[in-house]
Amino acid sequence: VQLQASGGGLVQAGGSLRLSCAASGRNFSRYNMGWFRQAPGKEREFVAAISWSVGSTYYADSVKGRFTISRDNAKNSVYLRMNSLKPEDTAVYYCAASLVIATTHTSYAYWGQGTKVTVSS
């Protein structure tokens, strides 16, 4: 599975962005998908995940209620809608694919190249 993330940019605090992740390869619908982020000088952290089967969703506490993960298996895509953005959301955001639903980055075998999100105060 190859992943291509897009949709990052510069936004003011309180604004919104929608990240997209396009997948190529076979059996995309069988992969659980996750979004992670990494801020300068910090470790990569879990943001959200969605299961391949029933679309169960999982969120980090820091984004719960503000971010929404979704997927469209017909389009081989997963999305991250980010509302009420804060300066602390500034990071490079990565999409990833895994055969297991997980919140740890080590569980994900396939990664996109990342898209940068900058939230100004």
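Buried here means under 20% relative accessible area, with exposed over 50% and partly exposed in between (1.4 Å probe, protein chains only). The model is predicted, so local features need pLDDT of at least 70 and side-chain atom pairs count only at pLDDT 80 or more, while totals for chains, interfaces and linings use all residues. Residues are numbered from 1 along each chain as its sequence is written, and side-chain values use heavy atoms, leaving out hydrogens and water.

**Stop 1: the disulfide**

Select Cys21 first: this residue is buried, at a relative accessible area of 1%. A disulfide (a pair of cysteine sulfur atoms within 2.5 Å) joins the two, with S to S at 2.1 Å. Searching the whole structure turns up 1 disulfide. Which hand does it have? The torsion about the S-S bond of Cys21 and Cys95 is about 65°, so the disulfide is right-handed. Cys21 sits in strand 3 and Cys95 in strand 9, so the pair ties together parts that are 74 residues apart in sequence. Helices (H or I, at least four residues) and strands (E, at least two) are DSSP runs, numbered from the N terminus.

**Stop 2**

Strands count as paired if DSSP finds at least two bridges between them.

Walk across it:

- Strands 1 and 3 share 5 bridges; pick Leu3 and you'll find it opposite Ala23.
- Strands 3 and 8 are joined by 6 bridges, with Leu17 opposite Met82.
- Strands 7 and 8 also have 6 bridges, and Asp72 faces Ser77.

Zoom in on the hairpin of strands 7 and 8: there are 4 residues between the strands, and Asn76 takes a positive phi near 50°.

**Stop 2: the core**

Color strand 8 next, where 5 of 6 residues are buried. Then select Leu80 and show its contacts (heavy atoms within 4.5 Å). Beyond its neighbours within four places in sequence, Leu80 touches residues including Leu19, Trp35, Val47, Phe67, Ile69 and Tyr93.

A nonpolar core is a set of buried Ala, Val, Leu, Ile, Met, Phe, Trp, Tyr and Cys residues joined through side-chain atoms within 4.5 Å. The largest one has 36 residues, and Met33, Trp35, Leu80, Met82 and Tyr93 have the most contacts inside it. Elements giving two or more residues to this core include strand 3 (17–24), strand 8 (77–82) and strand 9 (91–98).
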